[in-house]
Amino acid sequence: MKTSRMPALFLGHGSPMNALEENRYTRAWRTLGETLPRPKGIVAVSAHWYTRGTAVTAMEKPKTIHDFGGFPQALFDTQYPAPGSPELAAQVQQVLEPTRVKADVSEWGLDHGTWGVLIKMYPEADIPVVQLSIDGTQPAEYHYELGRKLAELREQGIMIVASGNVVHNLRMVKWQGDATPYPWATSFDKFVRDNLNYHGDNHPLVNFMQHEGAALSNPTPEHYLPLLYVLGGWDGKEAITVPVDGIEMSSLSMLSVQIG
């Protein structure tokens with residue numbers, strides 16, 4: 001039985017503290033959870049599972065991973081006990097063929113890039129979640145193509161939730177004082193927004209390193225690449241909207257993107 005096509009989301013997750021705090025970003029995530037169709041399951045793509053090869057969590061009860069340091073104990077005490085789904089993991093493996101996707105039954109779980117946003121969207125933690133890793137050995141086009149294949153799951157009631165930051169330069173973060181965004185950060189964030197609706201070959205956001213602000217905005221690509229898993233699945237007709245945007249601490253974009 002066919003269900004309505006589920007939306008796909010890219011959420012700029014920012015600081016792990018957003019899991020505990022209430023601000024305009026977390027309110028936007030909460031609103032998404034309250035207003036979007038309820039998914040049967042979620043395939044999450046987080047910047048924080050950056051691997052050699054591609055893997056998907058396939059355990060019944062994924063652990064809550066606290067992959068950070070220097071934060072209050074309350075953050076380490078936070079759990080997000082969403083169920084896993086070996087069945088959904090097998091579906092992911094199938095739609096991504098011939099790419100080999102390893103079924104991870106013990107090593108990973110849900111890292112803060114995933115649970116940090118889902119805890120606001122679905123605080124009851126009652127929707128099955130599997131997490132797909134990002135193969136750091138592959139070029140941007142590879143991730144865009146995987147996103148194209150994953151879109152098939154949206155027809156089956158599965159939501160794609162990717163999580164990262166399109167501008168992510170922690171070395172140049174201003175922790176205190178004037179947090180005016182760097183010009184290159186503002187420029188790159190605008191470049192992403194301006195090209196979300198591009199549909200065709202040689203996508204500017206796949207070839208993002210050609211932008212003059214890309215190297216400073218993304219010294220490493222893992223926080224940017226999750227966006228491509230969402231954009232890859234766009235059919236060229238669905239609405240693309242920006243639920244929330246902003247640059248924090250001068251060099252951290254909180255841009256979120258909704259398809260459908």
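Which side chain does a polar contact of 3.2 Å join to that of His13? The partner is His48. The model discussed here is predicted.

His13 is placed in the loop that runs between strand 1 (8–12) and helix 1 (24–35). With a relative accessibility of 4%, His13 counts as buried, since the cut-off for that class is under 20%. The side chains of His13 and His48 are joined by the polar contact of 3.2 Å.

Leaving aside residues up to four places away in sequence, His13 touches Asn18, Trp29, Ala47, His48, His112, Gly113, Val117, Ser163, Gly164, Asn165, His223 and Met254.

## Packing of helix 3 and helix 5

Two packed helices are described by the distance between their axes and by the angle between those axes. For helix 3 (residues 86–95) and helix 5 (residues 140–154), the axes come within 9 Å and cross at roughly 135°. Helix 3 is therefore oblique to helix 5. The crossing of the two helices is right-handed.

On the side of helix 3, the contact involves Gln91, Val92 and Val95; these meet Lys149, Leu150, Glu152 and Leu153 in helix 5. By class, the residues of this contact comprise 4 nonpolar, 1 polar and 2 charged.

## Gly109 in strand 6

Gly109 belongs to strand 6 (residues 109–110). Its relative accessibility is 0%, so Gly109 counts as buried.

In sequence, Gly109 and Ile65 are 44 residues apart, while their C-alpha atoms are 6.4 Å apart in space. Ile65 is also one of the residues that Gly109 touches, along with Thr57, Pro62, Lys63 and Gln131, when residues up to four places away in sequence are not counted.

## Backbone features in loops

The peptide bond from Glu97 to Pro98 is cis, with omega near 10°. Pro98 lies in the loop between helix 3 and strand 5 (101–104).

Two residues other than glycine have a positive phi. For Asn202 the value is about 55°; this residue is located in the loop between helix 6 (183–194) and helix 7 (214–217). Asn202 counts as exposed because its relative accessibility is 66%. For Met249, phi is near 50°, and the residue lies in the loop between strand 10 (247–248) and strand 11 (252–253).

Methods:
Residues numbered from 1 in each chain as written. Predicted model: local features only at pLDDT ≥ 70, side-chain atom pairs only at ≥ 80, totals over all residues. Heavy atoms only, no water. Axes fitted to C-alpha atoms, helices over the stretch in contact; angles between N-to-C directions. Helix = DSSP H or I, 4+ residues; strand = E, 2+ residues; numbered from the N terminus. Parallel < 35°, antiparallel > 145°, perpendicular 65-115°, else oblique. Left-handed = near helix turned anticlockwise from the far one by under 90°. Contact = heavy atoms within 4.5 Å. Nonpolar A, V, L, I, M, F, W, Y, C, P; charged D, E, K, R; others polar. Buried < 20%, exposed > 50% of the residue type's maximum accessible area, 1.4 Å probe, protein only. Polar contact = N/O pair within 3.5 Å; in protein donor to acceptor, adjacent residues only side chain to side chain.
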